[in-house]
Amino acid sequence: ATSDLGTDPLGTMTDTIHLKVAMMCTGCSGAVERVLGKMEGVTSFDVNLETQKVTVVGTVTLDEVMAKIAKTGKAVEPWSD
């Protein structure tokens, strides 16, 4: 599935999504990184194992990212400060 949003990356609305993901080891964070790396619409992401915080930037929705991470078997919820 391709989306035609034009060639200007600045013309695309991107969102920054912050999630809390239950990750206990580098294997856990690696699994999360793998699914985010393959996910269409993800521009960049940061997985912090220490704080269990995952930050995703892209044209994806919170629900899409949560569903994708949930497929790894990790508990995931929106980040609350």
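Me: What does the secondary structure of the protein come to?
Reply: There are 2 helices and 4 strands, where helices (H or I, at least four residues) and strands (E, at least two) are DSSP runs numbered from the N terminus. Along the sequence the pattern reads β-α-β-β-α-β. This is a predicted model, in which local features need pLDDT of at least 70 and side-chain atom pairs count only at pLDDT 80 or more, while totals for chains, interfaces and linings use all residues. Residues are numbered from 1 along each chain as its sequence is written, and side-chain values use heavy atoms, with hydrogens and water left out.

Me: In what order do the strands sit in the sheet?
Reply: The 4 strands form an open sheet in the order S2-S3-S1-S4, with antiparallel pairing; two strands pair if DSSP finds at least two bridges between them. S2 and S4 are the edge strands, each pairing on one side only. From one strand to the next, the twist averages 25°. Axes here are lines fitted to C-alpha atoms, for helices over the stretch in contact, and angles run from 0 to 180 degrees between N-to-C directions.

Me: And where do the helices pack?
Reply: H1 packs on the sheet and touches S1, S2 and S3, its direction making about 175° with that of S2. H2 also packs on the sheet, touching S1, S3 and S4, and its direction makes about 35° with that of S1. Contact means heavy atoms within 4.5 Å.

Me: Back to the strands. How many bridges join S2 to S3?
Reply: 6 bridges join S2 (residues 42-48) to S3 (residues 53-58), and these strands run antiparallel. Val42 has Gly58 as its bridge partner, Phe45 has Val56, and Asn48 stands opposite Lys53. The hairpin of S2 and S3 has 4 residues between the strands, and Gln52 takes a positive phi near 60° there.

Me: What about S1 and S3, how many bridges?
Reply: S1 and S3 are joined by 6 bridges and run antiparallel. Val56 in S3 is the bridge partner of Ile17.

Me: Which residues of H2 are buried?
Reply: In H2 (residues 62-70) they are Val65, Met66 and Ile69, buried meaning under 20% relative accessible area with a 1.4 Å probe and protein chains only, exposed over 50%, and partly exposed in between.

Me: Why are they on the same side of H2?
Reply: Because they cover an arc of only 100° around the axis, the arc being that of the directions from the helix axis to the C-beta atoms. They pack against S1 (15-21), H1 (26-38), S3 and S4 (76-78).

Me: What does Ile69 touch?
Reply: Not counting residues up to four places away in sequence, Ile69 touches Leu19, Val21, Val32, Leu36, Val54, Lys74 and Val76.

Me: How many residues does the largest nonpolar core have?
Reply: That core has 17 residues, and those with the most contacts inside it are Leu19, Leu36, Val54, Val65 and Ile69. A nonpolar core is a set of buried Ala, Val, Leu, Ile, Met, Phe, Trp, Tyr and Cys residues joined through side-chain atoms within 4.5 Å. S1, H1, S2, S3 and H2 are the elements that give two or more residues to it.

Me: What share of the protein is buried?
Reply: Buried residues make up 30% of the 81 residues.
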